[in-house]
Amino acid sequence: MKQVVQNYKSGELAVLDVPVPGCKPGGVLVRSAYSLISTGTELMKVSEAGMSMVGKARSRPDQVAKVMQSVAVNGLPATYRKVMGKLDSYTPLGYSLCGVVEQVGAGIDDVKVGDLVACAGNEHALHAELNWVPKNLYTPVPDGLAPQHAAFGTVGSIALQGVRQGEPQLGEVALVIGLGLIGQLVVQLLTAAGVRVVGADPDPARCELAERLGAAACGDPGSAAVEGAVAELAGGHGVDHVFLAAGGGSNQPVELAARLARDRGRVVDIGKCRLDLPWNAYYEKELDVRFSRSYGPGRYDPEYELEGRDYPIGYVRWTERRNLACFLDLLARGRVDVEPLVSHIAEFDDAVETYRRLKDGDLKAVAVLFRYAGGAPAETPEAPAVAVPAVPEVRRGDRASAPVRPAGAPVRLAFVGAGNYATSMLLPHLARREGVTLSTVVTTTALSAANAQRKFGFAQATTDLDAVLGDPAVDAVFVVTRHSSHAELTRRALLAGKAVFVEKPLALTEDELAGVLAAVEESGNDRLQVGFNRRFAPLLREARSRFGARTGPASLRYLVNAGRLQHGSWYLQQGTEGSRFAGEGGHFIDTASWLLGADPVSVYAVAPAGNEDLQVVLGYPDGSTATLGYVTTGAPGFPKETLDLLADGKVLKLDDFVRASVYGRKRWVSSRLPKARDKGQSNELAAFVKAVRTGGPMPVPLESLVATTAATLAVQAALAGGAPVSLARPR
């Protein structure tokens, strides 16, 4: 089997072939499905291994003291050989995983072969294809909990034990310093316990994530925002608890804890940070300093961990194993959500490269999982969600080439539909564009067709769609009708060999989307564009250019103040026209995906009862997230669309397409307000017409249009199931 190992002397990381561990009595042999990289503890080990010998000594003074003691007892030569022998050997990494029981040892009767279990221990839950795990370090995974989420069991237990050490009570206020993996879990656990939480971390993306997961407010530890939030929530008395979940050599966390804790408050150390306690500050408030020892009672006790001797529940309510089971239960009941913490899932074979990217900062992550081939159970438990297929694959069949057009010949366009959007946002740009001929307008009523013909100069007006689709003189068809007809009209136009511009949405159901793709495969015609215009907006494009390339995951926040619809609007006819978000949500998903340079791989959505407000969280392959707030209950005078993109110490801000700014080493702000909001329709139409005229590629790849549509449809499934929906195709 394969296992991740590290040589602490040289710093070398490798995936080695090692023997399969035997299944001893008192435990089970587990085949890994997912294992979690602790981006704090493990990366600290990886970084230390790359240091010089002096650097290693400075980073581990406790070990230096042991070496000096050994020199005094055993002499320098013997100690040197012992230390070098230990350093120059491979050591394992990992301590949190989920897998399937492959073999049951003697004395085990609580699980059977094929069961899904979560496992803990830096000697038993390693980054390896197979692990032997003793009884008190595994627990069965509740039905419905996905294995990649159950792999968080150990770090969840660490966070849970830390919270227990603080003994929080309903209504209290806590400060969590350090919003890495453990800190994010502590925030959620405290929130679930009825505690109001303030977070402190220098990373704005982690602060935003913690607020999304329940924190009342978060900010940089040195900012006034944290002190202001504490003063407001605690009524000026200071917080009841401070949880130190930070690492590193700074003494700032313990000093901040003293300053913001109330009289006789508790300070709980969970992480590994510097603890030079300022004596006067801690003495004057008589602060109660507590330590949290890893996963809970039983840790470091070989009789508990290796021999399976449990502690009586009447004396020790929460042991390592009971903490592990409790955390999985919280996950299964939705009281804690780890999906937003998953920045990246790597194949186990790519372990060395993944560690390198983490160490070098190429991969910025809160949590990273290894996925193992063949490690998933035969029937993977699923969260109680409505099943949504992966993003449909685009098959083009025998590719139909774009028709060859005579040089200088105008592009001949037909419009199906001439409603308000077509006549106000599309046709004015096309009517005055050189090299374009408006050939035919098709509507269901003769009058609306005649009005469009008169106003925009169409050569013909008709109600006969077949006549347009069968006209060889028409190069492209615009579908600008009600939402329920988009997919069918697009399908027919593609089969007729026309280039198609369809306003959003492309489809309202999975079957409709499948029908469009079947037409592409049957005809070989993939000349399709959906009216996702915002990616073509000049102001947003300039801001994106000023922001520059990214090296790490990004956090994007997009607020759409959609407002209420007027009574009688056909958008309210959800039975036939789909939900409002299904109709226009693709606009915002496409914009986010364009800014992040990828298509979403997961969708999670929540909505309050009684209105159409939505909060949608999109996950992307590189660990980036986009949080889309679609709100109908906001103030009418507030801007409709505001967007913030944060990554690599930079921020892009868009204010309703009238002003944009980028904050980085230098600040850029759009120089003047435009005369009108340009959301990109003119540029989008120019790009489409050019593609039709030249036979070049469509402005947006078909795969991206399909991915955006699938993500939009997945929002309803996520709402119905109350769980994230994966859009990744099966491997």
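## Ground rules

Residues are numbered from 1 along each chain as its sequence is written. In this predicted model, local features need pLDDT of at least 70 and side-chain atom pairs count only at pLDDT 80 or more, while totals for chains, interfaces and linings use all residues, and side-chain values use heavy atoms, with hydrogens and water left out.

## How many cavities?

Searching the whole structure turns up two cavities of 30 Å³ or more. A cavity here is a set of points, on a 1 Å grid over the protein atoms alone, where a 1.4 Å probe fits but cannot get out, and lining residues have an atom within 4 Å of a point. Points are joined across faces, edges and corners, and the volume is the space filled by probe spheres set on them.

## The largest cavity

The largest cavity holds about 70 Å³ of space. Its lining includes K504, P505, F532, G583 and T708. Two elements, α22 (580-596) and α24 (702-721), each give two or more residues to this lining; helices are DSSP runs of H or I with at least four residues, numbered from the N terminus. The largest share, four residues, comes from α24.

By class, the lining has six nonpolar, five polar and one charged residues. Ala, Val, Leu, Ile, Met, Phe, Trp, Tyr, Cys and Pro count as nonpolar, Asp, Glu, Lys and Arg as charged, and the others, Gly among them, as polar.

## The second largest cavity

About 40 Å³ is the volume of the second largest cavity. Among the residues lining it are N136, Y295, E320 and R321. Helix α13 (residues 320-332) provides the largest share, three residues. This lining divides into four nonpolar, two polar and two charged residues.

Methods: On a 1 Å grid over the protein atoms alone, a cavity is a set of points where a 1.4 Å probe fits but cannot get out, and a pocket is an open set with protein on both sides within 12 Å along at least five of seven lines; lining residues have an atom within 4 Å of a point.
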